[in-house]
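Subject: Structure for your review

Dear colleague,

Please find below the structure that I am handing over to you.

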Amino acid sequence: MRQARYEWLTESNEFYGEIVETPGVWATGATRESCTEELQEVLEDWIVLGLSMHHRIPVIDGVNVNVEAVA
């Protein structure tokens, strides 16, 4: 979540958060905390779906969740 970027949307009066390295991972919330919680859930779902579809997940903050080889 250290890679998350946030901005305040004045028109909708809420926070918007995204993780640039993970396309399509974004969330909104009335507070930054609620936006962060939603963003965390979206990221987790994005990783699970990507792994189940055998997509390569980007390494973020040195964490690599990809299976490199099957023994």
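A contact, as the word is used here, means that heavy atoms lie within 4.5 Å. Please note also that the model is predicted. Of the contacts in the chain with a separation of 6 or more, 20% are made by residues 24 or more positions apart.

Overall form

The chain contains 1 helix and 3 strands. Read from the N terminus, these elements follow the order β-β-β-α. Along the principal axes, the C-alpha atoms fill a box of roughly 50 × 20 × 15 Å. The radius of gyration of the chain is 14 Å, whereas a compact globule of 71 residues would have a value near 11 Å.

Surface and charge

How much of the chain counts as buried? The share is 21% of the 71 residues. The accessible surface of the chain amounts to about 5200 Å², and carbon and sulfur atoms account for 54% of that area. As for charge, the chain carries 13 negative side chains and 4 positive ones. The centres of these two sets are 11 Å apart.

The salt bridge

The structure holds 1 salt bridge. Which side chains form the salt bridge? They are those of Arg2 and Asp61, with a distance of 3.1 Å from N to O. Arg2 belongs to the segment before strand S1 (4-9) and Asp61 to the segment after helix H1 (32-52), so the pair ties together parts that are 59 residues apart in sequence. The two partners may also be described by their accessibility. Arg2 is exposed, at a relative accessible area of 66%, while Asp61 is partly exposed, at 37%.

The surroundings of Glu21

Glu21 is found in the loop that lies between strand S2 (14-19) and strand S3 (26-29). Its relative accessibility is 35%, and Glu21 therefore counts as partly exposed. Which residues does Glu21 touch, if those up to four places away in sequence are not counted? They are Gln3, Pro58 and Ile60. With regard to Pro58, 37 residues separate it from Glu21 in sequence, yet the C-alpha atoms of the two are 7.0 Å apart in space.

With kind regards

How values were computed: Residues numbered from 1 in each chain as written. Predicted model: local features only at pLDDT ≥ 70, side-chain atom pairs only at ≥ 80, totals over all residues. Heavy atoms only, no water. Helix = DSSP H or I, 4+ residues; strand = E, 2+ residues; numbered from the N terminus. Rg over C-alpha atoms; globule rule 2.2 N^0.38 Å. Buried < 20%, exposed > 50% of the residue type's maximum accessible area, 1.4 Å probe, protein only. Areas by Shrake-Rupley, 256 points an atom, 1.4 Å probe, with all protein chains shown as cover. Lys, Arg positive; Asp, Glu negative; His and termini not counted. Charge placed at Lys NZ, Arg CZ, Asp CG, Glu CD. Salt bridge = Lys/Arg side-chain N within 4 Å of Asp/Glu carboxyl O.
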